[in-house]
Every structure is written in structure tokens, then in C-alpha cells.
Amino acid sequence: DDGRFIKVANVVGHAMQYHPHGDASIGDALVVIANKRYLIDRQGNYGNVFTGDPPAAARYIECRLSQLAREELFNDEITECVPSYDGRNKEPVTLPSKLPLLLMLGTEGIAVGMSSRILPHNFPELLEAQIAILKKQPFKCLPDFQTGGLMDARGYKDGAGDIKVRARIKVKDDSTVLITEVPPTTTTESLMASIEDASRKGYMGLQSNIAV
């Protein structure tokens, strides 16, 4: 990292020296992290988390570490390194992050016989929770989603259980509603397709107008 933007394709190629997976999975992971807006500054078309539009090809978009990442994620003096998968390089076992990154960013994935789904949380609320922990004070920290939505977290128990998220809807007039926020993993495209399907099946009035 030299503080300047670099093509994502170059980052992917360099990462493949350490990561035995394919280039597509590395590029996709970088785009997801960059769209969280915490650790990677973006330049170019990174898609749209609200509409579901895909990003441009890796050769057309650029990235760099954010100032937050530079200051909070790296410390050579306390970072333990091991040989990379092919023994040609050294790579960190973990990065000495000062931030609760797993809770900040969330994660979702499957592997052999196991799966993980950790929901993202609000950054300032996590900092307040850390302060409360140090002061031995009670606190409550609930998930928070980039696309917004109305959340029912009554079934959520410190990372276990479930939550329900619905779109935020405002009534404009007698025949029009405005959808201003959508649940996570839902895009405006999928939402409009669902509304159109409901309309075709007769679940909605013919004169209904919906703006997303």
C-alpha cells in the first residue's frame, strides 16, 4: 500500500500469491468489503447494493486501503507470520485489528459440513459497547443493515436466534405508497419483480402505484 489507487485486477493477482482460491472469489470479496465503506476506498463502478447492479470488471475499477484500515489493522511488531500455502511467501496468521471487524462487517458462508452467518452491526454502537465492557456496564448491541429497513429483533439473543426485517413504506396518497428502504439481501429489482408477480396474481388493486 502506497496510499494511491491501484487496479483491482492487480490486487487480485497479488493476492493469489497468498490465497489458493480463484481470482473471481478474491475480486468478489474485495468488492463486498469495499462496498461496506470502512476498510477500502473505491474508485469506479462497484455496483449498487440497493439495485443489485453488478460492479464493472476488475480491470476497470480501482481501490486503496482507507485511512481507518491503515491505522487500525496493521502492526508489524506484533504480527505473527507463517509460510503461504505454496511456501514462497510469508503471510499473517491474523491481523492485529483494534476494531471488532467481524461484528462490523458481518459474514456469511458455507464450508464442508459447516456454515456461518454473522450479521453486521453499527460501528459507533460497537465502540460504545466496547467502552461499556471496559467499564463493566450493561449494554445492548443489535444488528444494523446498510440498506435500512424496519427490524424486529425480539427473537435475537446475543448473536443467536433470528430477526425479521421489512421494507420501510410511506403512504403518499390514496393510491400510492413509497418504499424508501429495503431489507438486506433484497434489491429494488427483486422487490419490483415480487410486486409485479403479486399484482398478476390479483393480490393488489389494478390502480396501485408503487415507487421504489
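**An aromatic pair and its surroundings**

Modeller: Let us begin with tyrosine 38, which counts as partly exposed because its relative accessibility is 21%. The model is a predicted one.

Colleague: How many aromatic pairs does the structure hold?

Modeller: The structure holds one aromatic pair. In general, two numbers describe a pair of aromatic rings: the distance of the centres and the angle of the planes. Here tyrosine 38 and phenylalanine 123 make up an edge-to-face pair, with 5.5 Å centre to centre and 75° between the planes. The angle is read against a cut-off, since planes over 60 degrees apart count as edge-to-face.

Colleague: Which parts does the pair tie together?

Modeller: Tyrosine 38 belongs to the loop between α2 and β2, and phenylalanine 123 to helix α5 (residues 123–134), so the pair links parts that are 85 residues apart in sequence.

Colleague: Is phenylalanine 123 buried or exposed?

Modeller: Phenylalanine 123 has a relative accessible area of 17% and is buried. The cut-off for this class is under 20%.

Colleague: How many bridges pair β1 with β3?

Modeller: Two bridges pair β1 with strand β3 (residues 62–65), in the antiparallel sense. Within this pairing, isoleucine 6 has cysteine 63 of β3 as its bridge partner.

Colleague: What joins β12 to β13?

Modeller: A hairpin joins β12 to β13 through two residues. Strand β12 (residues 168–173) and strand β13 (residues 176–181) run antiparallel and are joined by five bridges. Valine 171 has valine 177 of β13 opposite to it.

Colleague: Finally, how many residues line the second largest pocket?

Modeller: Its lining has 14 residues, and those nearest its centre are Asp23, Gly27, Asp28, Ala57 and Ala58. The elements giving two or more residues to this lining are α1 (8–15) and α2. Helix α2 provides the largest share, five residues. The space in the second largest pocket is about 180 Å³.

Technical notes. Residues are numbered from 1 along each chain as its sequence is written. This is a predicted model: local features need pLDDT of at least 70, side-chain atom pairs count only at pLDDT 80 or more; totals for chains, interfaces and linings use all residues. Side-chain values use heavy atoms; hydrogens and water are left out. Two strands pair if DSSP finds at least two bridges between them. Helices (H or I, at least four residues) and strands (E, at least two) are DSSP runs, numbered from the N terminus. Rings of Phe, Tyr and Trp (its six-membered ring) pair if their centres lie within 6.5 Å; planes under 30 degrees apart count as stacked, over 60 as edge-to-face and the rest as tilted. Buried means under 20% relative accessible area, exposed over 50%, partly exposed in between (1.4 Å probe, protein chains only). On a 1 Å grid over the protein atoms alone, a cavity is a set of points where a 1.4 Å probe fits but cannot get out, and a pocket is an open set with protein on both sides within 12 Å along at least five of seven lines; lining residues have an atom within 4 Å of a point. Grid points are joined across faces, edges and corners, and a volume is the space filled by probe spheres set on the points.
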